[in-house]
Amino acid sequence: MRVVVVGATGNVGTSVVSALEADPDITSIVGVARRLPGWRPGKTEWRSADIAAADLTELFSGADAVVNLAWLFQPTHDPLTTWRVNVLGGMRLFRAVAEAGVPALVHASSVGAYSPGPKDDRVDESWPTHGWPGAAYAREKAYLERVLDIFERDNPGTRVVRMRPGFIFKRESATQQRRLFAGPFLPQRMVRPGWVPFVPDIPGLRVQTLHTEDAAEAYRLAVTRPVSGPFNLAADPVVEPATLAELLTARLVPFSPSLARATVAAGWHLHLIPVSPGLVEMALRIPLMDTTRARTELGWEPRHTAVQAIRDLIYGMRGGAGMDTPPLRPEAGAKERLHELSTGVGRRP
């Protein structure tokens, strides 16, 4: 098989490429990214392309499957830019899959595409995917779900798989996660047990996570097996503030949802943190997912617990971990932090 992975140099992309590299049925991989990496796995050739502008049809010609992982999280202060890349670029990518006659498309959706739902029960893949309108990330993921509905109707010969994972972590993504969600003021190497004084105990904050390697295995299975439709991906247990407090040996401090929203909003408006207040709202509203379909129809089983995934991230924070790709480059010290500040926290891609 020849597989094209778009967005191949980030947290999920690097692990998907590694999973495909280990599969003997995958003979050729094309890794597509805006900025080319130093990392050079054996079966993979690299191509530089921006999905919002490049000729993707030529890139996809001759592929047996396209995996779309491309996503721009920043700039949160410029939603028109993320819409242009994520939504309009995603639509261009889907169109190119059809024009190139690619037999299979595996698309990275998200738990963030789901409409608000229960935190004391689990929903399957039939739960509505209208997102949470207050978060650009959720709006964009939900909009692409509607675009894929039309794509599937108009291209019945293309097998379409939609992955809806929870929050995805691995050790090598630690510095990228810090850049994207915490910003330059977080002392990354101090995120370790005993050094974090407290964890906010926010009622209703219950989310699902999984290790990036397990997410990558699900993508490999979706590429190589004759499945279609949406798949929820998450590991147990459900993560709550008490889970983080235990991992960090920190105390829990009661925090109301309104105070959490106001704190994040203030930091975002002052350009102290890149994460938008809409993401806090989204995290409080997304449902818990049932992963039965992935386990039974895809044959997927996570090898790491949710706690192990978060522990890997914490260890990566402490060590300034990363990889030789532009999104995952390791912690580079004060010079990098100053660059983040000078270019505007939350203002640049």
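1. Let me start with the charges: the structure holds 23 salt bridges, counting a side-chain nitrogen of Lys or Arg within 4 Å of a carboxyl oxygen of Asp or Glu. Side chains of opposite charge can pair when their charged atoms come close. Please keep in mind that this is a predicted model, in which local features need pLDDT of at least 70, side-chain atom pairs count only at pLDDT 80 or more, and totals for chains, interfaces and linings use all residues. Residues are numbered from 1 along each chain as its sequence is written, and side-chain values use heavy atoms, with hydrogens and water left out.

2. Have a look at Arg220 and Asp23, whose side chains meet in a salt bridge at 2.6 Å, N to O. Arg220 belongs to helix H6 (residues 212-224), while Asp23 sits in the loop between helix H1 (11-21) and strand S2 (28-33), so that the pair links distant parts of the chain, 197 residues apart. Helices (H or I, at least four residues) and strands (E, at least two) are DSSP runs, numbered from the N terminus. Are these two buried or exposed? Arg220 is buried, with a relative accessible area of 18%, and Asp23 is buried as well, at 6%. Here buried means under 20% relative accessible area, exposed over 50%, and partly exposed in between (1.4 Å probe, protein chains only).

3. Another salt bridge brings together the side chains of Arg206 and Glu240, at 2.9 Å, N to O. This pair also links distant parts of the chain, 34 residues apart: Arg206 is in the loop between strand S9 (198-201) and strand S10 (207-211), and Glu240 in the loop between strand S12 (235-239) and helix H7 (241-248). Arg206 is partly exposed, with a relative accessible area of 24%, and Glu240 counts as partly exposed at 33%.

4. Glu213 lies in helix H6 and Arg303 in the loop between helix H10 (292-296) and helix H11 (306-319), so the pair ties together parts 90 residues apart in sequence. Glu213 counts as partly exposed at 39% relative accessibility, whereas Arg303 counts as exposed at 63%.

5. On to the rings. There are 6 aromatic pairs, where rings of Phe, Tyr and Trp (its six-membered ring) pair if their centres lie within 6.5 Å, with planes under 30 degrees apart counted as stacked, over 60 as edge-to-face and the rest as tilted. Why is the pair of Phe73 and Phe181 edge-to-face? The ring centres of Phe73 and Phe181 are 5.7 Å apart and the planes are at 80°, so the pair is edge-to-face. Phe73 lies in the loop between strand S4 (65-68) and helix H3 (79-100) and Phe181 in helix H5 (residues 174-182), so the pair ties together parts that are 108 residues apart in sequence. Phe73 counts as partly exposed at 34% relative accessibility, and Phe181 is partly exposed at 30%.

6. Trp83 and Tyr143 form an edge-to-face aromatic pair, 4.9 Å centre to centre with 65° between the planes. Trp83 is in helix H3 and Tyr143 in helix H4 (residues 136-154), 60 residues apart. Trp83 is partly exposed, with a relative accessible area of 28%, and Tyr143 counts as partly exposed at 38%.

7. Trp71, Phe73, Tyr137 and Phe181 form one aromatic cluster. Lys141 lies over the face of Trp71, at 3.8 Å from the ring centre. Elsewhere, the charged end of Arg293 sits over the ring of Phe231, 4.1 Å from its centre. The rule asks for NZ of Lys or CZ of Arg within 6 Å of the ring centre and within 35 degrees of the ring normal.
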